[in-house]
Amino acid sequence: MSAGAAELSRDPRTGAASDGPAATAPAEVARLAAVAARDAERIAATPPAVRAGWLNAVADALERDAEELAALADSETALGLERLRGEVGRTATQARFYGSVAAEGSWLDVRIDRAAGPDLRRMNRPLGPVAVFGASNFPFGFGVAGHDTASALAAGCPVLAKAHPAHPLLSARLGATVAAALRAAGAPEGAFALVTGFDAGLVLVDAPEVAAVAFTGSQSGGTALVERAARRPVPVPVFAEMGTVNPAVLTPAAAAAEGGTARAAAGFVASFTLGQGQFCTKPGLLLAPRGSGAAEAAAKALAEVEPGWLLTEGIAEAYRQGVADLVAAGADPVASVAAAGQGFAAAPTVLAAPAEALRPGSRLLAECFGPVALVVEYDGPAQLRELLGRLQSSLAAAVASAGPADPDLPWLVARLSGRAGRVVVDGWPTGVATSWAQQHGGPWPATSRPEATSVGAAALDRFTRPVAFQDVPQAALPEPLRDADPWGVPRRVDGVLQPGTGRPLEGPTR
């Protein structure tokens, strides 16, 4: 899209279009990046408890305007008011959560060694301005005001967010809401800005002031950003959360239990059709024992699913082509539900394929974004192990077991944990809690950085780097490293972990 052109906002139910905001000109992107860089050090030096107040202000604004925001989002996404109202509320909650993580302070990983040798003090420092590319499928939770924006601000980094073309009007509205809330809370001008348009996004990645990129979306989009950022004169990290096939395994013991296959199939179908299959954590593959009847049980459960609409015309076209490609690659249609019949409608579908069709490089092993999933039967643990070894790594994996005593659970959990960022037993992975222990990432190609998570307290870690200060006088140290600890954060002093009390250190200092 050329600078100055307007993006189109389309209603997925009808395909009707309306003009969205004009694209941000390259010169304006450069100006916004310069303002973010100008204010970056001030934001980094702001006590985390104050930054928590900024995020609380954003949360308050989201809750205040929730009904208006949900209605606008529904007009562009057709996700439904009930779901979108809930997503607005969760986005406000997660903003407050990241503020509380910032204020708690353990993410700074402060370490002070004075017992022997030089006076060494180490802590995590914010990287600087972060470019955020949000997702289409969670316009609030992973959009302009979502996890990446909130966790970057919590870590002390300015945010330059890119509006998503799937919901440009909502992105513009959210951008204005976030910016106004931050200003009212006393944040510097450079704390947040929004840019619009494909070309503006490229200029943003290339901007020398940008220190990191956060992305949620397709494997092709994430890979393109990784490659572009690597070609910069000074490469920067790209934390890309991308799509893969998340596997689920029905164990032999679970299938043999009364009603076990039916329960697992019902849960599988409910999970892969949730949000019309537009969740990155959708289980796209069910591995079931031969003769379990899992495909037939899934077909029965699918009959109860209400069809709906996909987010954009491009996603709908890609879905239809993807289902056709899966069939061409060796999958057989088992059941389908007629599409809604207009706009960007999708037909929920269950496919089945023989185990030998799951070959490296097969289309069957790649994600199809939308309400389709594959059922494959295996002959015993040996073949199941082999099949799991053929899969790409994933964000999540699930096991439907016969309970804690299921003999296959230990090895399955161990095997799946080597290839997935989160392993779920007797549940489904489509729900992702924002918590201290959450991991929403995984080995390539699930994410570009396997150690990172885009959800949970550790999400702040993406936007920091450790720095050590040796024999630096007190007045020149960052505040968390000073003996007085004015931020009151937890610190490891001479190897001993101390709670965040704010009490000064005892003993000689420089």
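## Terms and basis of the model

In this report a residue is called buried when its relative accessible area is under 20%, exposed when it is over 50%, and partly exposed in between, with a 1.4 Å probe and protein chains only. Arg-125, with a relative accessible area of 22%, is therefore partly exposed.

The structure is a predicted model, in which local features need pLDDT of at least 70 and side-chain atom pairs count only at pLDDT 80 or more, while totals for chains, interfaces and linings use all residues. Residues are numbered from 1 along each chain as its sequence is written, and side-chain values use heavy atoms, with hydrogens and water left out.

## Salt bridges

A search of the whole structure finds 25 salt bridges, each being a side-chain nitrogen of Lys or Arg within 4 Å of a carboxyl oxygen of Asp or Glu. One of them joins the side chains of Glu-41 and Arg-125, at 3.2 Å from N to O. Because Glu-41 lies in helix α1 (residues 26–45) and Arg-125 in strand β4 (residues 120–126), the pair ties together parts that are 84 residues apart in sequence. Helices (H or I, at least four residues) and strands (E, at least two) are DSSP runs, numbered from the N terminus.

Another salt bridge, also given as 3.2 Å from N to O, is formed by the side chains of Asp-65 and Arg-173. This pair links distant parts of the chain, with Asp-65 in the loop between α2 (48–64) and α3 (66–77) and Arg-173 in helix α6 (residues 168–184), 108 residues apart. Asp-65 is buried, with a relative accessible area of 11%, whereas Arg-173 is partly exposed at 22%. Both residues belong to a network of salt bridges that links Arg-64, Asp-65, Glu-68 and Arg-173.

Within helix α4, Arg-83 and Glu-87 lie four residues apart, about one turn of the helix, and they form a salt bridge whose closest N and O atoms are 3.4 Å apart. Arg-83 is buried, with a relative accessible area of 18%, and Glu-87 is buried as well, at 2%.

## An enclosed helix

Helix α11 (residues 294–302) has seven of its nine residues buried, so it is largely enclosed by the rest of the structure. The buried residues are Ala-294, Ala-295, Ala-297, Ala-298, Ala-299, Ala-301 and Leu-302. They pack against α10 (260–273), β11, β12 (332–336), β13 (349–353) and β14, where contact means heavy atoms within 4.5 Å.

## Cavities

The structure holds five cavities of 30 Å³ or more. On a 1 Å grid over the protein atoms alone, a cavity is a set of points where a 1.4 Å probe fits but cannot get out, a pocket is an open set with protein on both sides within 12 Å along at least five of seven lines, and lining residues have an atom within 4 Å of a point.

About 110 Å³ of space lies in the largest cavity. Of the 13 residues that line the largest cavity, Val-245, Gly-284, Ala-366, Cys-368 and Val-372 are the closest to its centre. Strands β11 (283–289) and β14 (372–378) each supply at least two lining residues, and β14 gives the most, with three.

Technical notes:
Grid points are joined across faces, edges and corners, and a volume is the space filled by probe spheres set on the points.
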